[in-house]
Amino acid sequence: MVPGQGGEGDAAPAAGEQEPEVPPGREDGPDEVQPRVCPAPGVEAAGAEESRACGCCSGMSWPFCCEAPGTKKKAKCPGLGLFYTILSAFLFSVGSLLLKKVEDIHSVEVSAIRCVFQMAFVLPGLIYYKTGFLGPKDKRIFLFFRGFLGSTAMVLLYYAFQVMPLADATVITFTSPVFTSLLAWIFLKEKYSPWDLLFTLFAVIGVILIARPPFLFGSRVTGIEGSYSDHLKGTIAAIASTLSGASTIIILRKVGKSVHYFLSIWYYAVIGLVGCVIALFVLNEWHLPHCGRDRVFLILIGMLGLGGQIFLTKALQIEKAGPVSIMRTMDVVFAFILQVLFLNHVPTWWTVGGALCVVASSCGTAIRKWRHSVKKAKQRKI
């Protein structure tokens, strides 16, 4: 999970995140074809003997297919979904870099500003789709916890980025698919195979290599930013953020497709904003940045997080979740590159080893789920 994705994409599914939420207008799932009547001038429904198959809608006969006979179907651009995924990962990484550059701004305040951007984006969608602002009565408790856990994940993630190396925090967030599988086994009774257990162990080993606790690595820990106590706090915050984000995915699976995508984000933004404002008054941390550069950075963080979410959602609309989840590991690559170029912090071999363990675990989980979904799709066709 990366900034702007705390459980929503947050756009997921995706490594880091996250299982995809259902994008607007796609509540019936991307693989289902909805018949639409396409009347053609001068052609009337003359009976079954007059119908012709156009081949564009799994063999449906015209006029119930999406296009009339002879109409050229627009060809898909190969790899466009994966390109959107890489672009999304880049935007999230740049947002994380700017967060490291912002000075004397508490992570809770950054989260509050991000929630304002979310609300401004989602409000027109709620009005357009006429979803209401509260949702179905029997789903409101789930939406509340989705918003609370998602916003908590965002605050903890921003804190982790502020107090520990960029690459370290990014790598830890990529344990989200592994924890999601574990929580789904506990709460949703989903299958948890020996392979899933192996991937979980790989993820735990990766986190240990990044955290490097003194009782295993000795008292002299090198290659960290600031004090080791801050590094440890950041590690704990990143793990807690990952668990919170994984919990939101479990809640979204429980809710299913009965709640619109925009309404889910609305709860995330509203509850997050209210919680952040209360926390800022309690901590007495609310203040505008003194530097104009920091103000620009805060606006850019909100815009980059929102842009990353949009491209990730678009990628999941036109590409299968498995390849998207694997390609999202580019976020780790970007984090390493940006950390070296702009923060002058060369990662240690311990961090590189931990990153390889976590990425292997995340990719293995994604590939297994992808193969399982393909197998189920073939069984349904048979």
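The model is predicted, so local features need pLDDT of at least 70 and side-chain atom pairs count only at pLDDT 80 or more, while totals for chains, interfaces and linings use all residues. Residues are numbered from 1 along each chain as its sequence is written, and side-chain values use heavy atoms, with hydrogens and water left out.

Start with helix H1, residues 80-101. Helices here are DSSP runs of H or I with at least four residues, numbered from the N terminus. Two packed helices are described by the angle between their axes and the distance between the axes. The axes of H1 and H12 come within 9 Å and cross at roughly 35 degrees; axes are lines fitted to C-alpha atoms over the stretch in contact, and angles run from 0 to 180 degrees between N-to-C directions. Contact means heavy atoms within 4.5 Å. Residues in this contact include Phe90, Leu97 and Lys100 of H1 and Phe334 and Leu338 of H12.

Lys100 lies in H1. Lys100 counts as buried because its relative accessibility is 17%; buried means under 20% relative accessible area, exposed over 50%, and partly exposed in between, with a 1.4 Å probe and protein chains only.

Helix H4, residues 166-173, is largely enclosed by the rest of the structure, because eight of its eight residues are buried. Among them are Leu166, Asp168 and Thr173.

Asn344 is found in the loop between helix H12 (330-343) and helix H13 (349-381). Asn344 counts as exposed because its relative accessibility is 69%. Asn344 is not a glycine, yet has a positive phi of about 50 degrees.

Definitions and conventions: Helix = DSSP H or I, 4+ residues; strand = E, 2+ residues; numbered from the N terminus.
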